Amino acid sequence: MKRLVLGILLSFSVSTGASAESSVWKAQRDNSTIYLGGTCHVLRESDYPLPPEFEKAYKASETVVFETDIAKLQDPSMQQQLLVKAMYTDGSTVDKHLSPKVYGQLSSFCETNGIPIKAFSQFKPAMIMLTLTVIELKKLGATEEGVDQFFHSLANRDKKPVEGLETVEEQIEYITTMADGSEDDFVLHSLKDMKTMEEQFGNLAAAWRKGDGRKLDELMVNDLKSRQPQLYKRLITDRNRNWLPMIDAYLKTPRTEFILVGVGHLVGPEGIIEALKKKGYKVEKL
């Protein structure tokens with residue numbers, strides 16, 4: 001499940017020839033064009049500058065579309081709403097929602113890493129594991145200045161319109177409830193795979209940078225689909241299905257949009273790229 005958590009944080013065709021591979025695609029039908037960029041929500045300083053195809057797509061677009069309203073998500077009132085949603089409000093604590101064995105392993109991991117488990121007592125497993133993953137990623141030099149935030153800042157600077165595919169409230173709900181009903185499995189797999197965090201993060205970041213769709217599908221999508229099929233449906237396929245009509249609508253406007261979503265949503269047989277091809281769009285990788 002660590003791959004799932006990384007996939008969320010890293011947040012989730014045909015080569016044109018001389019250009020380097022990257023996780024950016026161009027979709028066209030009739031006289032309309034959009035660009036689709038697969039994002040990582042956290043990156044290391046060494047991951048910059050971004051592949052030039054990202055800048056090419058950004059410069060060619062009048063509007064930038066993200067998964068959600070990033071500015072609103074960063075607003076203190078929404079951060080407070082996220083905090084409330086991430087906690088138990090019925091007076092219970094996380095040890096009541098995990099088996100003694102799993103809670104013991106979580107406590108041991110926190111103790112080994114100098115993290116007071118009591119600080120997490122009221123938080124749901126999803127938020128606990130996301131927090132622990134961020135802590136581990138920061139040890140590897142990762143920051144929260146990922147692709148999304150980078151281009152959101154650029155769009156604000158350049159006064160380009162920005163839009164979102166889902167509401168902030170919807171995204172908060174996805175994040176805070178993703179372990180509901182499978183708390184033990186979520187925590188166990190996350191703790192187990194935390195041991196290979198550095199290797200997996202390196203593999204994911206390298207596959208993202210090269211636009212290796214097959215590797216990304218293997219590392220991010222297939223792992224989640226095989227371990228947690230219901231969660232895969234909720235986090236990936238259901239959201240892709242919700243987004244497709246909006247992406248289709250963007251392809252019918254006279255403007256050119258640059259749509260940035262987690263790369264796990266774009267790759268694979270059930271990804272957005274294949275869905276657009278099936279709808280008759282010409283899709284090619286930059």
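Are Arg239 and Glu67 buried or exposed? Select the two residues in this predicted model, and you will find that both Arg239 and Glu67 are buried. Arg239 and Glu67 form a salt bridge in which the closest N and O atoms are 3.2 Å apart. Because Arg239 sits in helix H12 while Glu67 belongs to the loop between E4 and helix H3 (70–73), the pair ties together parts of the chain that are 172 residues apart in sequence.

Next, select Lys72 and Glu169, whose salt bridge has its closest N and O atoms 3.4 Å apart. This pair, too, links distant parts of the chain, with Lys72 in helix H3 and Glu169 in helix H8 (residues 168–177), 97 residues apart. Lys72 counts as partly exposed because its relative accessibility is 35%, and Glu169 is partly exposed with a relative accessible area of 32%.

Move on to helix H13 (residues 272–278), where Lys277 and Glu274 are three residues apart and therefore separated by about one helical turn. Their side chains meet in a salt bridge of 3.7 Å, N to O. Lys277 is partly exposed at 28% relative accessibility, and Glu274 is partly exposed at 29%. The structure holds 17 salt bridges.

Now display the strands, and look for an open sheet of six, ordered E6-E4-E7-E2-E1-E8 with mixed pairing. Its edge strands are E6 (162–164) and E8 (282–285), each of which pairs on one side only. Neighbouring strands of the sheet are turned by 25° against each other on average, direction ignored. Within the sheet, select strand E1 (residues 24–29) and strand E2 (residues 32–39), which run antiparallel and are joined by six bridges; Val24 has Gly37 in E2 as its bridge partner. Helix H2 (residues 52–59) packs on the sheet, where it touches E1, E2, strand E4 (63–66) and strand E7 (257–262), and the direction of H2 makes about 135° with that of E7.

Leaving aside neighbours within four places in sequence, the contacts of Leu36 include Val24, Ile247, Phe258 and Leu276.

Conventions: Residues numbered from 1 in each chain as written. Predicted model: local features only at pLDDT ≥ 70, side-chain atom pairs only at ≥ 80, totals over all residues. Heavy atoms only, no water. Contact = heavy atoms within 4.5 Å. Pairing = 2+ DSSP bridges. Helix = DSSP H or I, 4+ residues; strand = E, 2+ residues; numbered from the N terminus. Axes fitted to C-alpha atoms, helices over the stretch in contact; angles between N-to-C directions. Salt bridge = Lys/Arg side-chain N within 4 Å of Asp/Glu carboxyl O. Buried < 20%, exposed > 50% of the residue type's maximum accessible area, 1.4 Å probe, protein only.
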